[in-house]
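Here's a quick briefing to read alongside the coordinates. Have a look at the structure first, then go through the points by topic.

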Amino acid sequence: MSTKVLPDLIPDAKLKLPREAERTIAGGLTVIAIRRPAVPLVELRLRVPFGKSPLPRATLLSQALFTGTGTMTSVDIAAELQAVGGGLSAGLDPDKLLISGNSLAAGLDRMLEILAAVLTDPGYPKDEVATERDRLIDHIQVAQSQPAHLARTALLKRIYGKHPYAIQTPEPEQVRAVRPAQLRALHAERVRPEGAVLVLVGDINPEKAIDAAEKALGSWTGPAKDGTIPPTPPLEPGPLLLVDRPGAVQSSLRMALPALERTDPDYAALQLANLVFGGYFSSRWVENIREDKGYTYGPHTGIEHFAAGSALMVSAEVATEVTGPSLLETVYELGRIASLPPGEDELEQARRYALGTLRLSMSTQAGLAGLAGMYAGIGLRLDHLREYTAALASATREQVADVASRFLAPSRAVTVVLGDADKVEGPLSALTTVERGAE
Amino acid sequence: MARRIKIPATKYPVERFTLDNGLRVVLTPDRSAPVVGVAVVYDVGIRSEPEGRTGFAHLFEHLMFQGSENLEKLAHFRHVQGAGGTFNGSTHLDFTDYYEALPSGALERALFLEADRMRGPRLTEENLLNQIDVVKEEIRVNVLNRPYGGFPWLRLPPVMFSTFANSHDGYGSFGDLDSATVEDAQNFFDRYYACGNATLAVAGDFDVATATEMIKRHFGDVPARPAPERPDFDEPDLDSERRDTYTDRLAPLPGVASAWRVPDPIGAFPDYLPYVVLAEVLTDGDASRLVERLVQRDRTVTSIGGYIGFMGDEFQVRNPTALLLQAHMPPGGDAEKVLRTVDEELDRLAVDGLRPGELERTQARIATHLLRDTDPVLGRALPMAVLELQRGRPEMLNELPKLVGEVTEAQIVAAAATLRPERRATVEVIPGATA
């Protein structure tokens, strides 16, 4: 066998940001338009602040937003969008209503007109709302049979306690009680342009796209209600919470650790520490529990950001019989990253990954729309990428070790396991104090 | 109805050549973003697994990441991610793909990594046992520990097809996975992972001459091995309806899925394409036939989807394949009633034809989906590698929106008329969980 040498990398060219324009249009909506003409399409993201809204109503509103306007039925809306290759959908998280869509570039004006009708002249017709309500209830019921959802629900309750983020999915009976008039009232109160941001990315002329947005959405007006959510409470480590799922062939292992928001000067270093620990395939934790031990298929970690606080989430589905050993290795790897500085090579590898995958995200219309919308949601613009990539490029071992010791220490983790409690309680109890959760 | 919107096209350039060892290469440069996508596709998938070795094609895909001639275990992952890239692989019915997306300065590294494992993976007992464990956890996550696991992609083929090749479980039984040996893996590699049985596609930010030279340098010395003869997996269409029912102990609500055979996606492409459009006419969005009727009007289903190919890869699947409809129902839902309504709507379509604008708007939306899929570098490298492998026509990726736009109402009506109950295979999910 001849030995061949791994080719060197050619260093990245300087970061190039796409051409963009921004304007606050009549009515108060902020519009950001970005030119990326790679395919003849346009991506749309509209973020409307929705913090502190009543969960069952807000969830149903997001599901029923496209059920009708004063002049269009749900079928009209869908058909008119399709006619320009378009589609729109809405989703909710504890901070915002997010409307996402795309169309052929030549269909942008029409997509904006239809969006404007939905925003300014909503119908919430009785029959259609009833259909969406029943569907939402069915979806929630299916979600409640999925281990990932159950584990997340238990973890959110455990870490957020009485904070509004503790419950992010309504109960079926709460949804059942919501009436169309309540949706109309919530829409009138909260679906307002002030504080909202519209992002358009694609094969567009940014100035003209903003003109089109102004023409369509200039009549969408109204003040935003204050939806500021109080800061999340500090994590309170305690006994491992064990939630029973009898007969489960896998355990869902979840941990929450403290984290920094994106604007923090130490954020890049924390992201690198996260990567070295478990945030990508070539991390210590994944190489350990998957590639060495074979305990799991897709373990992952990541920093989750909400407006009122951030947390580092650790997730793995592990075979029931290795639940204890999986916790052992996880705590070991957290202890190692929190106690000892990372190696030069592994830090460099994580750094390149963080920088490279950002370039990959920036290479598509959808990726740019996601990045621009995400930053706009915290008052930043795409040019923040220059600052962030510089911070990633310059973070030192000492900085990474410092944030790791503060944020990745296993003593700071809140741990939840969903699994067959009778089988896993013993092995878990050998490692830590276990408390069984109420059903 | 407003005048019809023009369906636009992409003009990604396509360069093709074949190395002396038989490896077919596709280059599609686009310098608008500093990233590249590299895809290698082998012409072997789930259908080629030997009996007693269900799940082997997928298990073998995992082994291709476990080290190769010049690379230790873990090295592949580290070299890709340490170059700022992402990687993966996937096993389909008819092919297995391996791919990376990276900053453009890492192109040569990705080519080196793919060439190294094309010469041969390091197949060891230890890595095999480790990856059997990992694959079992993958199956537990995706099938055994969740509601509706494998529905319908693992559940419908045994109802619809008779031969082992077409009907067996592509994830594999734990028994078969446990009995896999290193020798099996070596034989599988020797037989199917020949460079004459593979294509390489590179998309994105590179210079064609430079990339061509790199490809020759890295892949040129992969030993020439011819492609094995590919069996014809065809089998007769159904002449009477087939049904199966199973209880999913984790599912809270009932579900139903049906499939009908469609024309050969490659050999009879003009006959096949209308079915791709028909699936969307039936299920794409609130204005589609079956969503409007079953979800909005009758409320007999909570969601319904339609697509071609058990893995949803309509332009990357060979004959035999099917058009699928799958629906989830509310509590107490009646699959019989849903199927009867589907038949009624298909009849209506076959007799009354389409409404004004219905075809055009569906085609416009399909065009958006197709164009959007090509925006990421891998959205070009992967399908072009498969189109080269299966059809020798990677440039077809540019043509698909237009071809979809040329499908006529008469073709849709004719396609709908073939979806008869007696040609249908159906599987029903009985909810076993207390909701």
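This is a predicted model: local features need pLDDT of at least 70, side-chain atom pairs count only at pLDDT 80 or more; totals for chains, interfaces and linings use all residues.

The predictor gives the complex an ipTM of 0.97 and a pTM of 0.97, and chain B averages a pLDDT of 97, with 99% of its residues scoring at least 70.

**A helix pair in chain B**
- Helix H10 (residues 269-283) of chain B packs against H13(B) at an angle of about 105°, and their axes sit 10 Å apart.
- That angle falls in the 65 to 115 range, so H10(B) and H13(B) are roughly perpendicular to each other.
- On the H10(B) side, the contact is made by Val277(B), Glu280(B) and Val281(B); H13(B) brings in Glu358(B), Thr362(B), Gln363(B), Arg365(B) and Ile366(B).

**Where the chains meet**
- Chain B puts 68 residues into the contact, and chain A puts in 65 residues.
- Several elements of chain B each supply at least two residues to the side that touches chain A, among them strand S5 (96-103), helix H4 (125-144) and helix H13 (358-373).
- That side of chain B splits into 31 nonpolar, 19 polar and 18 charged residues.

**The nonpolar core**
- The largest nonpolar core has 271 residues, and those with the most contacts inside it are Leu272(A), Ala273(A), Ala381(B) and Ala385(B).
- Beyond its neighbours within four places in sequence, Leu272(A) is in contact with residues including Leu347(A), Ala350(A), Arg351(A) and Leu392(A).

Key:
Residues are numbered from 1 along each chain as its sequence is written. Chains are lettered from A and ligands numbered from 1 in the order in which they are written. pLDDT is the predictor's confidence in each residue, from 0 to 100. Two residues are in contact if their C-beta atoms, placed from the backbone, lie within 7 Å. Helices (H or I, at least four residues) and strands (E, at least two) are DSSP runs, numbered from the N terminus. Ala, Val, Leu, Ile, Met, Phe, Trp, Tyr, Cys and Pro count as nonpolar, Asp, Glu, Lys and Arg as charged, and the others, Gly among them, as polar. Axes are lines fitted to C-alpha atoms, for helices over the stretch in contact, and angles run from 0 to 180 degrees between N-to-C directions. Angles under 35 degrees count as roughly parallel, over 145 as roughly antiparallel, 65 to 115 as roughly perpendicular and the rest as oblique. A nonpolar core is a set of buried Ala, Val, Leu, Ile, Met, Phe, Trp, Tyr and Cys residues joined through C-beta atoms within 7 Å. A residue is buried if 20 or more other C-beta atoms lie within 10 Å of its own, exposed if 12 or fewer, and partly exposed in between; C-beta atoms are placed from the backbone.
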